[in-house]
Amino acid sequence: MKFAVLDFETTGMSPEQDEIIQAGLAIIDEAGVVCSTFSSFVRPDHPIPPEITKITGIRQEDVKDAPLLDEVVARMVPHLQDAILVGHNVEFDARFLQTALERCGYLPFAGRMIDTFALAKIVYPMMTSYQLTSLTHALDIAHERPHQADSDALATAQLFLKALHKLRCLPLLTLQRLAMLFDAQANDLGWLIASVLQEREATPVDQASEAQIHHYRQFAMRAGDWSDDNEDEHEADVQDRIRTLSALSFDEFVGDVRDRLKQLLPGYETRDGQEMMFSEVLEALEQESHLMVEAGTGTGKTLGYLLPSLYYGLKESKKIVVATHTIQLQEQLRQRDLPLLQEVLPVPFRAAVFKGRANYLCLRKFENRLQMPGYALGFEEAINRGAMIVWLSETEHGEGEELNLTRTRDEWEAVASDASSCLNRACPWFYKCFYHRARNEAGKADLIITNHALVFTDMQAEHRLLPAYDRLIIDEAHHLEETASQHLGRKIGYHSLQVPIQRLWKDARNGLLPQLIHQLESSGDDLAQAWVEKVHELPARLHDIRETWERWMDGLYGLAASEAAADETGGLTLRLKPEQLPTAWETIRVDAENAIMRMSDFIRPMEKLIAEIKDQADDYALLGLLTDMSGAVKDIASVRSDLVRFVALQEPDYVYWVEAHIQSRARSVWMNAIPSNVSQLLKEGLFDRKASVVMTSATLTVDKSFQYVKEQLGLVQSEQEGRLRTAALPSPFRYREQALVLIPRDFPAIRGKENDAQFVRALTESLSETAQTIGGRMLVLFTSHRMLKTVYAPLKEILEPFGIQVLGQGIDGASRSRLTKWFREQPASVLLGTSSFWEGVDLPGDSLTCLAIVRLPFQPPNHPVMEAKSERLEAEKQNPFMKLSLPQAVIRFKQGFGRLIRTTSDRGIVLIYDTRVIDTRYGKYFLYSLPGPKMEHLPTAKLAARIREWLTDDQTEFGGETG
């Protein structure tokens with residue numbers, strides 16, 4: 001087979017209106033070698049748009065003497081003879097090719113076409129991105145000039161050869177499964193897979209390549225069986241471990257670990273803050289007290305809590321649970337910190353990562369999903385399922401975060417593990433099950449890494465999910481109250497009901513009900529016909545439920561749109577106070593009650609029918625299908641239960657509100673019922689039940705005090721009883737030398753509306769002057785997306801001639817991680833970010849020189865939960881601003897400041913454009929909460945000179961006023 005790998009650079013997306021400006025071809029011969037290449041600029045009839053030059057680097061002068069399209073096409077056509085066309089998103093290039101061939105008088109290309117984007121999605125299911133540059137970087141493929149056709153074509157050729165090799169090396173069963181998904185007659189990717197399978201089936205099996213693969217029920221899997229047997233050997237290890245650690249003091253234990261760390265990591269050095277954290281955490285665990293410890297960036301807080309926890313837990317045979325806020329940090333602990341500790345500790349230990357159940361693949365559901373006939377599958381669905389088949393031959397954990405699926409939610413939810421459709425030990429997949437494997441490993445582990453959400457889900461499940469434990473470490477603890485509110489409350493939206501309904505009945509060919517009809521009709525059971533007749537009645541009932549649900553959603557959206565003003569992003573938020581409901585509430589409430597009634601009318605007979613068929617059925621496939629249906633029915637029953645409670649609006653101390661968006665209307669509606677104060681729930685459900693809870697974060701104090709967080713988390717009584725300790729650790733950074741905070745004292749204040757023209761104009765001018773002074777490397781934090789958008793365009797226009805790119809969150813169409821990556825790779829950049837950029841973004845070294853904080857990060861006071869908390873404080877004769885709004889904003893402000901200094905060698909400047917920090921009485925709380933940087937306020941006109949001076953000579957003392 002001969003492959004012609006094609007790439008075009010064009011002036012736009014439309015072959016009819018836009019032009020090719022560069023063509024690149026790489027020819028792969030039958031030996032699988034790039035044997036020749038062709039590339040040429042193409043002279044267009046119209047000027048190249050500036051945005052295309054920015055992406056490709058191709059300028060008008062590059063193409064002014066280039067050959068015309070017909071000459072380039074004439075040189076390309078011989079290369080395409082008898083070739084299979086390959087491209088990354090090949091349809092784009094093929095459309096331009098066909099249009100060019102037609103314009104130049106050639107017959108259209110009629111050969112096969114292979115898309116490396118689709119192929120890569122299948123054979124590399126765990127890639128974080130399928131953009132060509134991301135793939136070439138991950139696969140170590142040379143790609144010197146991305147977005148230039150010759151370089152892209154060559155890189156795509158190498159990508160294709162690697163992907164083809166990977167396809168050929170897949171387990172035979174995996175290839176056979178893939179061939180069943182893709183019709184070789186209907187699409188060229190299916191033809192390629194069938195060709196590779198034909199080769200493999202004619203070749204003797206490579207025993208070495210299949211040695212690590214387990215075969216079960218016609219699946220090839222990396223993960224083998226797990227065992228729940230008691231392990232006598234492990235018990236002997238435990239006793240040895242206890243003897244070893246009993247003979248070691250903690251200082252000796254740490255000294256031993258430190259020596260090994262220095263051998264493995266030559267740059268490792270001790271830190272005073274970490275040493276303090278060791279003793280604080282160990283003392284809290286030993287004395288059965290709770291601990292709050294603020295440990296800033298660079299303290300080494302992960303080792304700071306892991307080492308004393310492991311020493312104590314292993315020595316005393318106590319299980320330790322560590323809960324992080326994000327799954328990403330769980331993965332960091334699993335991939336980086338735990339393997340390191342396994343190497344350096346003087347005794348072995350077992351660690352397990354345990355996530356919420358919906359994060360794990362249910363193999364039984366996945367097997368059932370693959371029974372669906374091929375004609376019912378769209379191409380994207382086939383790609384997703386193909387990727388998951390390949391993933392099974394590679395994954396050890398079966399966690400959805402490992403996968404990168406298209407339209408992830410629908411595809412993943414259909415196969416995710418859940419309690420309501422689990423057969424437990426009756427399932428043939430039980431000893432392969434990823435969830436039960438993780439749960440079993442957690443039961444045997446000395447250290448369990450989980451997340452805040454699962455801790456609260458476990459609380460709600462009466463502590464039946466996590467193994468028994470009484471020592472808990474909570475990392476990123478500044479998020480604890482918010483996560484508790486979300487997980488101890490309820491949230492249901494438009495899709496909460498639509499998803500289980502669609503799972504049951506999408507159309508006459510898709511869904512669990514059509515599958516049930518098909519299985520019953522082919523079963524030959526005497527009762528089957530009667531059951532089929534009952535099943536045929538169900539879609540009409542589901543249709544009625546869907547109609548009443550949509551009427552209720554439309555009514556709620558209409559209520560929110562009429563009673564609440566849209567925010568700057570188009571979001572609507574309407575709080576529902578039981579004593580002060582909108583006049584239209586009673587009218588639309590009828591729709592909710594109708595939806596509840598329709599759901600009840602469906603659930604009861606459906607449960608009865610499922611039970612009736614289960615009693616008679618003995619076929620595994622049918623029983624599995626009925627179990628999945630039962631799970632979907634339970635999901636509908638859960639929505640009904642939550643809706644009943646939401647409509648009643650009668651739970652004391654709960655806040656009720658509706659959220660929606662003007663763009664998606666009813667489909668964006670969410671109903672929220674959240675406890676307004678979780679402090680008592682946390683006290684009773686967590687802190688009173690656990691012997692020791694250690695809470696750590698870089699930001700727990702306000703004005704050097706833990707009082708705010710203690711009150712929010714319900715720890716005031718624990719402190720009074722002597723069961724709460726607190727510690728703020730010293731930073732290893734020399735903030736006085738490393739960071740300079742500048743406040744332009746004459747900067748205009750915002751008056752009236754958020755986009756005050758004078759403020760925006762002054763901000764744009766100052767940001768552009770600063771960016772030019774330092775050459776980019778600047779992160780600007782906004783509290784308003786509207787203001788970010790207002791500043792973005794004029795700032796971009798000013799800075800582009802200086803070669804400084806401006807990146808805007810929500811404008812440049814990229815995720816936070818993608819924007820951060822672009823910012824790191826292109827130093828001459830200014831990145832404008834809102835909410836999610838205030839924390840969790842790591843830009844060490846020269847990536848970031850200047851951090852600008854546009855406004856102090858106060859939360860909107862009219863958010864329903866904030867409103868309810870403020871009302872409660874007012875009723876208690878307390879000041880909501882000082883007790884709630886200010887502490888929240890200070891913690892957020894500290895998180896933002898923490899983006900700047902990430903290592904001991906970083907140096908940088910913070911600009912604070914909100915003069916309230918020096919003009920108001922409460923401003924001092926923001927400044928005093930910072931970790932000791934040099935602070936100066938000065939006229940705006942002197943900012944650039946001071947920045948230049950400080951960056952060029954860190955010894956220079958400025959003669960202005962010092963705060």
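Let's start with a pair of strands: β15 (residues 654–661) and β16 (residues 665–675) run antiparallel and are joined over 7 bridges. Keep in mind that this is a predicted model. As a reminder, strands of a sheet pair through backbone hydrogen bonds, either parallel or antiparallel. This structure gives you a sheet with antiparallel pairing and a sheet with parallel pairing.

**The antiparallel sheet**

- On average, neighbouring strands here are turned by 20° against each other, ignoring direction.
- Helix α26 (residues 620–648) lies across β13, β15 and β16, and its direction is at about 110° to β13.

**The parallel sheet**

- This open sheet has 7 strands, in the order β10-β11-β9-β12-β17-β8-β18.
- Its edge strands are β10 (351–353) and β18 (724–728), each of which pairs on one side only.
- From one strand to the next, the twist averages 15°.
- Over at the β18 end, strand β8 (residues 290–294) runs parallel to β18, and 5 bridges join the two.
- Within that pairing, Val-293 has Ala-727 in β18 as its bridge partner.
- Helix α14 (residues 301–316) lies across β9 (320–324), β11 (447–451), β12 (471–474) and β17 (692–697), running at about 160° to β9.

Note on methods: Residues are numbered from 1 along each chain as its sequence is written. This is a predicted model: local features need pLDDT of at least 70, side-chain atom pairs count only at pLDDT 80 or more; totals for chains, interfaces and linings use all residues. Side-chain values use heavy atoms; hydrogens and water are left out. Two strands pair if DSSP finds at least two bridges between them. Helices (H or I, at least four residues) and strands (E, at least two) are DSSP runs, numbered from the N terminus. Axes are lines fitted to C-alpha atoms, for helices over the stretch in contact, and angles run from 0 to 180 degrees between N-to-C directions. Contact means heavy atoms within 4.5 Å.
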